[in-house]
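Please walk through this structure with me, one region at a time. Keep the sequence and the model side by side.

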Amino acid sequence: MQAVGREADAGAGGSHRGPGTASAGRKPPPTLSVLYQDDDLLVVDKPSGLVVHRGWARDGEVVMTLARALAGRHVHPVHRLDRGTSGVLVLALTAAAARALGEAFEGGRVRKRYLALVRGIPPAAGVVDHPIPRSPGGPRVAAVTRFRRLASFERYAWLEVVPETGRLHQVRRHLKHISHPVIGDVRYGKGEHNRLFRSRFGLFRLALHAAEVSLEHPAHGAPLRFLAPLPADLAGPLAAMGLAGTAGL
């Protein structure tokens, strides 16, 4: 399987990883790092705080406009990441690739792996099988998420999380469902814990990162694996907790 990280040249193969983005002092303008690009695909490393589509927010800069500028052409979103989530985001550069990738995501043929800092200490591994909607206001449908505990810190844990389905806020909702919400989650988490991590460790974001996406190329079927390193705004707080060696990447 071809593994691609931040330092990959457009269309190049091999296994690559890149450094996290700096977040000291004034917040820089949002940017996208290209993990992979060819005639059919553009894969980027999305920073936390950047929304994917302008239709979901009034932000001046969104992933779609930045991605179009990078690719120099129209791009098609084939899945989404929440505003606060960083990491691997796959975009299609042709309508045919968008259809093929949409079918692959819908059919469960794409593997996504997340890393999350959560409240409490869950079991060493487990499965959450709990229906949630595909979209706001929609009916609940089957949803399954697997998790594995990588490390713990005081009353908190660092997890590897693999959703087997793609539902609205699935990882965040499933972790809340088992009483282990993601730190920094203002919707499904607890303000007192979020404030503690802001003041104690400088964690001012959702502690959820899309570390890996594995799929088959939509044109020729070659297996691809895309990796996004932990960004500095998450890696720094983890290092302060003594979890720097447990990143799961």
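Glu 212 lies in strand S12, which covers residues 208-216. The model is a predicted one. Is Glu 212 buried or exposed? Its relative accessible area is 5%. The cut-off for buried is under 20%, so Glu 212 counts as buried.

What surrounds Glu 212? Leaving aside residues up to four places away in sequence, Glu 212 touches Val 88, Arg 111, Lys 112, Arg 113, Arg 225, Phe 226 and Leu 227. Take Leu 227 from that list. Glu 212 and Leu 227 are 15 residues apart along the chain, yet their C-alpha atoms are separated by 4.7 Å. The side chain of Glu 212 also makes polar contacts. One joins it to the side chain of Arg 225, at 3.0 Å. Another is with the side chain of Ser 214, at 3.2 Å.

Glu 160, in S11, is the bridge partner of Arg 148.

Now follow the strands themselves. S10 spans residues 144-153, and S11 spans residues 156-163. Eight bridges join S10 and S11, and the two run antiparallel. They form a hairpin with two residues between them. S10 also pairs with S7, residues 125-129. That pairing is antiparallel too, with five bridges. Within it, Val 127 stands opposite Arg 146 of S10.

The turn of the hairpin deserves a look. Glu 154 sits there with a positive phi of about 50°. Most residues other than glycine have a negative phi. Which residue forms a salt bridge with Glu 154? The partner is Arg 200, with the closest N and O atoms 2.7 Å apart. This pair links distant parts of the chain, since Glu 154 is in the loop between S10 and S11 and Arg 200 is in helix H4, 46 residues apart. Arg 200 is partly exposed, at 42% relative accessibility.

Helix H4 covers residues 191-201. Which of its residues are buried? They are His 193, Asn 194, Phe 197 and Phe 201. These residues lie on the same side of H4, because they cover an arc of only 100° around the axis. An α-helix has 3.6 residues a turn, so residues three or four places apart point the same way. The buried residues of H4 pack against S6 (111-119), S10, S11 and helix H5 (232-240). The face turned away from the buried side carries Glu 192 and Ser 199, which are exposed. Gly 202 follows H4, and its phi is positive, near 70°.

The side chains of Asp 233 and Arg 205 meet at 3.0 Å, N to O. Asp 233 is in helix H5 and Arg 205 is in the loop between H4 and S12, so this pair also links distant parts of the chain, 28 residues apart. Arg 205 is buried, at 6% relative accessibility. Asp 233 is partly exposed, with a relative accessible area of 23%.

How many salt bridges does the structure hold? There are eleven. One of them joins the side chains of Arg 134 and Glu 106, at 3.0 Å, N to O. Arg 134 lies in the loop between S8 (132-133) and S9 (140-141), and Glu 106 in helix H2 (residues 95-106), so the pair ties together parts that are 28 residues apart in sequence. Glu 106 is exposed, at 56% relative accessibility. Arg 134 is partly exposed, at 38%.

Two loop residues remain. His 169 lies in the loop between S11 and helix H3 (170-177). It is not a glycine, yet its phi is positive, about 55°. His 169 is buried, with a relative accessible area of 14%. Ser 179 is found in the loop between H3 and H4. Its phi is also positive, about 65°, although it is not a glycine. Ser 179 is partly exposed, at 46% relative accessibility.

Conventions. Residues are numbered from 1 along each chain as its sequence is written. This is a predicted model: local features need pLDDT of at least 70, side-chain atom pairs count only at pLDDT 80 or more; totals for chains, interfaces and linings use all residues. Side-chain values use heavy atoms; hydrogens and water are left out. Two strands pair if DSSP finds at least two bridges between them. Helices (H or I, at least four residues) and strands (E, at least two) are DSSP runs, numbered from the N terminus. Buried means under 20% relative accessible area, exposed over 50%, partly exposed in between (1.4 Å probe, protein chains only). Contact means heavy atoms within 4.5 Å. A polar contact is a pair of N or O atoms within 3.5 Å; within protein, one must be able to donate a hydrogen and the other to accept it, and residues adjacent in sequence count only if both atoms are side-chain atoms. The arc is that of the directions from the helix axis to the C-beta atoms. A salt bridge is a side-chain nitrogen of Lys or Arg within 4 Å of a carboxyl oxygen of Asp or Glu.
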